[in-house]
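This briefing is for a reader who is new to the structure shown below. Please look at the sequence and the model first, then read the points by topic.

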Amino acid sequence: MIALHPYSAFTASQQVHLRIMETTDIHVHVYPYDYYCDRPSDTVGLARTATLINGIRAEATNAMLVDNGDFLQGNPLGDYMAYEKGMKHGDVHPVIAAMNALDVEVSTLGNHEFNYGLSFLEKSLAGANFPVVSANVIKTPGATPRQDRTLIPPYVILDREITDGGGGRHPIRIGFIGAVAPQITQWDHQHLHGRLTTRDIVSTIEAYVPEMKERGADLIIALSHSGIGRPDHVEGAENAAIPVGRIAGVDAVMTGHQHLVFPSASFANMKEVDVRAGTIGGTPAVMGGCWGSHMGLIDLLLQRDGDRWKVVATESEARPIYLRGQDHKVTPTVASEAQVLDSARADHEAALTYIRRPVGRTTAPLHSYFALVANDPSVRIVSIAQLWYMRRMLQDGPHADLPLLSAAAPFKVGGRGGPGYYTDVPAGDLAIRNVADLYLYPNAIRAVKVTGATVKNWLERAAGIFNQIVPGQPEQMLLNPDFPNYNFDVIDGVTYRIDLSQPSKYDIDGVLANPDSNRIKGLSYRSKPIDPAQPFVIVTNSFRAAGGGNFPGTGVDAIVFEGPDSNRDVLLRYIIEKGTINPSAADTWRFSPMPGTSVLFDTGLKARAYVQDLPILDIAPVGEGAEGFARYKIML
Ligand code: MN
Ligand code: MG
């Protein structure tokens with residue numbers, strides 16, 4: 001027995017309960033599978049969301065399914081289709097096949113739809129059994145939005161029949177208008193320059209609403225591939241869902257792009273956002289997480305008002321495909337829908353072969369056994385890929401002429417992960433799952449603008465990982481075990497020494513503790529002492545840029561570039577483009593000499609095979625360390 005939603009249970013004969021379901025930011029996640037780690041995952045998969053969707057349909061109310069974009073790119077299955085198999089005439093892309101199997105009724109373009117270029121996008125869209133709309137992606141601009149020639153139709157009006165509470169059937173015309181973050185022309189400059197322009201989301205939708213009404217739309221639903229940002233309307237804003245919600249005539253807003261969940265506590269205490277009512281700008285809205293994690297659901301209670309339909313009550317929710325317990329254990333709430341799995345099976349299986357095959361080569365091993373004590377190739381390769389990406393992104397902008405630095409930290413360096421928890425990729429072929437080993441977290445790429453003085457303080461903050469070392473004493477423990485290794489940023493593009501005789505300038509939380517202390521010595525840019533007033537741009541990740549680790553000079557105001565790409569994808573792109581990488585550890589940093597002083601450092605058992613590769617460090621094994629680690633002595 002299905003428990004009916006109150007709207008359905010008590011709907012009168014002049015009322016209709018209409019349910020709009022949303023998927024968003026699927027990013028090619030059809031299967032519940034993590035292709036980077038090559039193992040099943042219960043937190044992703046449109047095949048799982050499909051079970052929630054079909055559950056709503058089984059309730060025999062009036063239900064529609066829409067998708068909000070970012071379906072074509074974002075995991076190795078997407079890369080396999082774009083870089084390996086390609087889209088030949090008549091091919092149906094697996095994510096499109098899955099959306100067809102699920103009877104998606106309309107979709108819009110997300111920013112990532114443009115990542116593989118327009119030709120790939122057009123071939124992919126050709127396989128869709130549903131309309132895809134976007135009003136602000138423009139081939140030939142006109143004087144006003146309605147005079148633009150858009151890449152795909154700006155909107156669609158779907159004729160449906162809905163059943164009221166008394167069993168009466170009524171025709172209804174529902175308009176869906178699409179829009180995407182206008183920054184696509186910057187993010188995919190190399191694909192879109194000279195081919196497409198974009199317009200502001202809010203003013204574009206506003207311009208089309210009267211036309212959609214004239215053409216008989218009873219309801220208008222915005223498919224806005226944009227997040228929930230500032231309450232006011234800022235021309236060209238990336239996250240414009242709140243002012244979209246305020247547009248007169250828009251009855252519901254499908255949001256996404258931020259990979260968050262609405263309604264949820266993530267959006268508590270925001271102006272014009274009502275988490276309890278599920279509205280933004282006074283209009284019902286939803287955001288269904290990402291990768292199929294949630295089905296968004298907006299319930300509309302419609303009432304006949306003369307010859308039109310009026311929305312008299314609304315609710316919204318996001319239903320998860322899994323629950324995470326207090327112990328972080330993931331429990332799936334639904335099984336996969338076989339029909340959706342079947343629709344993409346052949347390409348899924350081919351993608352499994354693809355991720356296990358080399359995508360490039362490395363001439364030297366990439367391991368992290370000594371990443372906390374010496375220049376490290378596994379950290380540097382991330383920095384180099386970040387620089388490669390960001391140079392291209394900034395090339396035509398206001399920061400093109402500023403010196404560009406790159407910050408990266410080791411992620412897998414033992415610690416609480418134990419003596420086997422190290423990055424360890426041998427020289428030779430690199431497979432996609434090796435890339436996951438090199439970049440563990442799903443961070444997105446960012447750049448921040450800082451001064452030379454801040455570059456130094458950033459490094460002072462990172463150098464807090466080391467204990468203060470007493471000169472002339474032997475065998476002192478080097479690392480503070482409570483300092484998270486992912487806060488040990490190394491900055492590529494400058495050179496420096498770390499003086500361990502000094503106390504850390506910052507405490508473990510990044511609070512200034514010893515203002516007069518300076519561990520960072522000889523900080524140089526292009527072989528000259530760094531100018532404290534000189535502006536720099538540092539490439540980093542979304543965690544650090546937003547203030548993660550409380551680093552000096554970070555925070556939203558410092559961000560000058562927000563990339564839609566993950567640092568891991570940047571690294572993967574770099575390896576694919578270069579083919580063979582030569583990871584060498586530049587002479588970026590070293591410890592200041594302290595005669596007669598030695599420190600002890602614990603690392604993984606397999607470190608012994610590589611210890612001879614550290615020419616600038618006087619280091620030797622001294623037996624067993626704590627909890628199964630191997631101990632080394634470093635003469636400073
Ligand atoms: Mn997305
Ligand atoms: Mg997006």
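The notes below cover two metal sites and one pair of helices.

The model is predicted. A manganese ion (ligand 1) and a magnesium ion (ligand 2) sit 3.2 Å apart in it, with D70 coordinating both. Elsewhere, helices α4 and α10 have axes that come within 8 Å of each other.

**The magnesium ion (ligand 2)**

- The protein donors to the magnesium ion are D70 (OD), N111 (OD1), H225 (NE2) and H257 (ND1), at 2.1 to 2.3 Å from it.
- Along the chain, these donors follow the spacing D-x40-N-x113-H-x31-H.
- D70 belongs to the loop between β4 (62-67) and α3 (76-85), while H257 belongs to the loop between β13 (252-255) and β14 (261-262), so this pair ties together parts 187 residues apart in sequence.
- Both D70 and H257 are buried.

**The manganese ion (ligand 1)**

- D25 (OD), H27 (NE2), D70 (OD) and H259 (NE2) coordinate the manganese ion, at 2.1 to 2.3 Å.
- The spacing of these donors along the chain is D-x1-H-x42-D-x188-H.
- H27 is in the loop between β1 (15-23) and β2 (33-34), and H259 is in the loop between β13 and β14, so the two tie together parts that are 232 residues apart in sequence.
- H27 has a relative accessible area of 3%, which is under the 20% limit, so H27 counts as buried.
- H259 has a relative accessible area of 30%, which falls between the limits of 20% and 50%, so H259 counts as partly exposed.

**What links the two sites**

**Helices α4 and α10**

- Helix α4 spans residues 94-101 and helix α10 spans residues 338-355; their axes cross at roughly 160°.
- Since an angle over 145 degrees counts as roughly antiparallel, α4 is therefore roughly antiparallel to α10.
- The crossing of α4 past α10 is right-handed.
- On the α4 side the contact involves P94, A97, A98 and A101, and on the α10 side it involves Q339, V340, S343, A344 and D347.
- Sorted by class, the residues in this contact of α4 with α10 are 6 nonpolar, 2 polar and 1 charged.

Methods: Residues numbered from 1 in each chain as written. Chains lettered and ligands numbered in written order. Predicted model: local features only at pLDDT ≥ 70, side-chain atom pairs only at ≥ 80, totals over all residues. Heavy atoms only, no water. Donors = N, O, S within 2.8 Å, 3.2 Å for Na, K, Ca; no water. Helix = DSSP H or I, 4+ residues; strand = E, 2+ residues; numbered from the N terminus. Buried < 20%, exposed > 50% of the residue type's maximum accessible area, 1.4 Å probe, protein only. Axes fitted to C-alpha atoms, helices over the stretch in contact; angles between N-to-C directions. Parallel < 35°, antiparallel > 145°, perpendicular 65-115°, else oblique. Left-handed = near helix turned anticlockwise from the far one by under 90°. Contact = heavy atoms within 4.5 Å. Nonpolar A, V, L, I, M, F, W, Y, C, P; charged D, E, K, R; others polar.
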